[in-house]
Amino acid sequence: MLDVILEFFSNGLLALGWQQFMMFAIGGVLIWLAIAKDYEPMLLLPIGFGAILVNLPLEVVWQHDGIDGALKILFDAGIMTEIFPLLIFVAVGAMIDFRPLFQRPWMMFFGAAAHFGIFFTIILAGILGFDLKEAACIGIIGAADGPTTIYITSRFAQHLMGPITVVAYSYMSLVPIIQPPVVLALTTKKERLIRMEAIDHDIPSIVVISFPILVTILASLLVPIAAPLIGFLMFGNLIRECGVLEKLSRTAQNELSNLVTLLLGITVGASMRAEYFLQFSTLYIMFLGMVAFVVNSAFGVFFAKILNLFMRKKMNPMIGACGISAFPMSSRVIQKMALKDDPSNIILMHAVSANVSGQIGSVVAGGLVLALVPVLLQAL
Amino acid sequence: MSFDILPQTVTLLGVGMLVLFIFMGLLFVLIHLFVFVARKFTKKPA
């Protein structure tokens with residue numbers, strides 16, 4: 001009798017290996033980063049705790065004795081069906097104000113230029129031995145767009161969900177550390193001192209309301225598979241801008257965003273099972289994710305410098321780095337850098353315009369990857 | 001090191017960036033056009 005009881009209680013202990021302890025440590029580091037360093041705490045804390053939960057003895061929260069656990073049910077219902085990232089898009093759309101972009105439509109092109117790093121990283125990942133689908137998921141980390149990254153990974157490489165999501169959100173929170181050295185290395189002080197004319201004309205409300213509808217139709221015509229991504233983002237924006245759904249807009253921005261973020265975080269953490277996470281490929285993903293972020297920022301700056309060759313009124317090339325989707329962090333970082341060189345140089349709204357176009361750019365780039373990868377796999 | 005999927009990845013880079021720029025260009029034109037038309041038909045306050 002005593003033997004049976006002892007065996008029962010030792011089952012859990014015996015199921016632990018060094019891999020589980022390693023994952024507890026990684027989960028602990030993520031929680032520490034969230035609490036002590038304030039790095040994306042809303043995501044890194046649930047992800048860290050989810051990583052600990054799923055690596056507990058016998059993986060009861062995932063699957064035990066053939067019965068799905070709570071986290072697997074959430075994973076299947078929210079990530080595999082792509083519902084969580086799409087709901088996050090509704091919330092993000094409700095938070096975006098496109099007016100600064102309407103006032104400076106040429107900033108739209110930075111949303112394209114600053115996504116070069118995605119495709120460049122896909123090439124690099126392919127050379128390092130990842131297959132095309134895996135490489136595509138790794139490259140999309142550079143978009144600095146968590147929901148798009150999760151959406152694409154859930155379709156192309158579910159086994160890499162844990163490392164890719166953790167790397168994506170970690171680097172997104174590290175934008176204030178990653179971008180300044182890249183921008184400093186690529187610009188001269190003279191360029192960083194360039195002032196940009198303030199533009200503040202009214203945008204008719206019909207434009208602001210119609211924009212999300214038109215973008216959805218246009219994007220879906222060009223890249224049909226991107227319809228859910230762009231559609232949910234623009235639906236959130238339409239709720240915000242229509243002027244008659246104030247309550248829903250606030251709900252999307254607060255309650256919906258908080259609730260889905262909470263579930264998304266712990267569910268993504270649950271994809272960090274030791275056997276999938278503790279691989280050499282995780283180190284490669286960390287390296288490639290960094291490359292994607294750096295190249296995206298660098299190419300944005302290069303693009304601004306190229307445009308400056310042809311423009312009468314020069315623009316501050318730092319703006320180019322804001323073409324990524326990390327909104328509004330990237331624009332704040334660039335404004336801070338401008339103020340460092342000249343305390344009266346305000347380029348925030350220009351930076352915000354580029355940053356907002358980056359939001360659209362990342363979703364469309366994600367849609368393009370989704371559409372082109374299967375075609376290329378068949379064709380070549 | 002593997003260069004097996006290089007043709008696919010390079011094609012993805014070329015086509016991806018091209019379509020991305022075309023899309024952003026279309027939006028650029030659309031916004032300009034839309035703001036222009038909306039201004040023309042919106043009554044200014046007296």
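## Helices α8 and α18 of chain A

The crossing of α8(A) and α18(A) is right-handed; a crossing is right-handed if the near helix is turned clockwise from the far one by less than a right angle, and left-handed if anticlockwise. Their axes lie 7 Å apart, at an angle of about 145 degrees. Axes are lines fitted to C-alpha atoms, for helices over the stretch in contact, and angles run from 0 to 180 degrees between N-to-C directions. Helices here are DSSP runs of H or I with at least four residues, strands are runs of E with at least two, and both are numbered from the N terminus.

On α8(A) the contact involves Phe116(A), Gly117(A), Ile118(A), Phe120(A), Thr121(A), Leu124(A) and Ala125(A), and on α18(A) it involves Leu288(A), Val291(A), Ala292(A), Phe293(A), Val295(A), Asn296(A) and Phe299(A). Contact requires C-beta atoms, placed from the backbone, within 7 Å. The contact has 11 nonpolar, three polar and no charged residues. Nonpolar covers Ala, Val, Leu, Ile, Met, Phe, Trp, Tyr, Cys and Pro, charged covers Asp, Glu, Lys and Arg, and polar covers the others, Gly among them.

## Model and numbering

This is a predicted model, in which local features need pLDDT of at least 70 and side-chain atom pairs count only at pLDDT 80 or more, while totals for chains, interfaces and linings use all residues. Residues are numbered from 1 along each chain as its sequence is written, and chains are lettered from A and ligands numbered from 1 in the order in which they are written.

## Helices α5 and α15 of chain A

Helix α5 (residues 83-95) of chain A packs on helix α15 (residues 227-241) of chain A at an angle of about 40 degrees, with axes 6 Å apart. α5(A) is therefore oblique to α15(A); angles under 35 degrees count as roughly parallel, over 145 as roughly antiparallel, 65 to 115 as roughly perpendicular and the rest as oblique. This crossing of α5(A) and α15(A) is right-handed.

Residues making the contact include Leu86(A), Phe89(A) and Val90(A) of α5(A) and Phe232(A), Leu233(A) and Arg240(A) of α15(A). By class, the residues of this contact are 13 nonpolar, three polar and one charged.

Seven of the eight residues of helix α9 (residues 132-139) of chain A are buried. A residue is buried if 20 or more other C-beta atoms, placed from the backbone, lie within 10 Å of its own, exposed if 12 or fewer, and partly exposed in between. The buried residues of α9(A) include Glu134(A) and Ala136(A). They pack against α8, α10, α11, α18 and α20 of chain A together with α1 of chain B.

The largest nonpolar core has 142 residues, and Ala136(A), Ile319(A), Ile334(A) and Val364(A) have the most contacts inside it. Such a core is a set of buried Ala, Val, Leu, Ile, Met, Phe, Trp, Tyr and Cys residues joined through C-beta atoms within 7 Å. α20(A) supplies the largest share, 14 residues.

## Chain B

Chain B contains one helix and zero strands, and 26% of its 46 residues count as buried. Its C-alpha atoms fill a box of roughly 70 × 15 × 5 Å along the principal axes. The contact takes 31 residues from chain B and 36 residues from chain A. The chain B side has 23 nonpolar, seven polar and one charged residues.

## Positive phi values

Asp65(A), not a glycine, has a positive phi of about 55 degrees. Asp65(A) sits in the loop between β1 and β2 of chain A and is exposed, with 6 other C-beta atoms within 10 Å.

Ala144(A) also has a positive phi, near 55 degrees. Ala144(A) lies in the loop between α9 and α10 of chain A and counts as buried, with 31 C-beta neighbours inside 10 Å.

Notes: Two residues are in contact if their C-beta atoms, placed from the backbone, lie within 7 Å.
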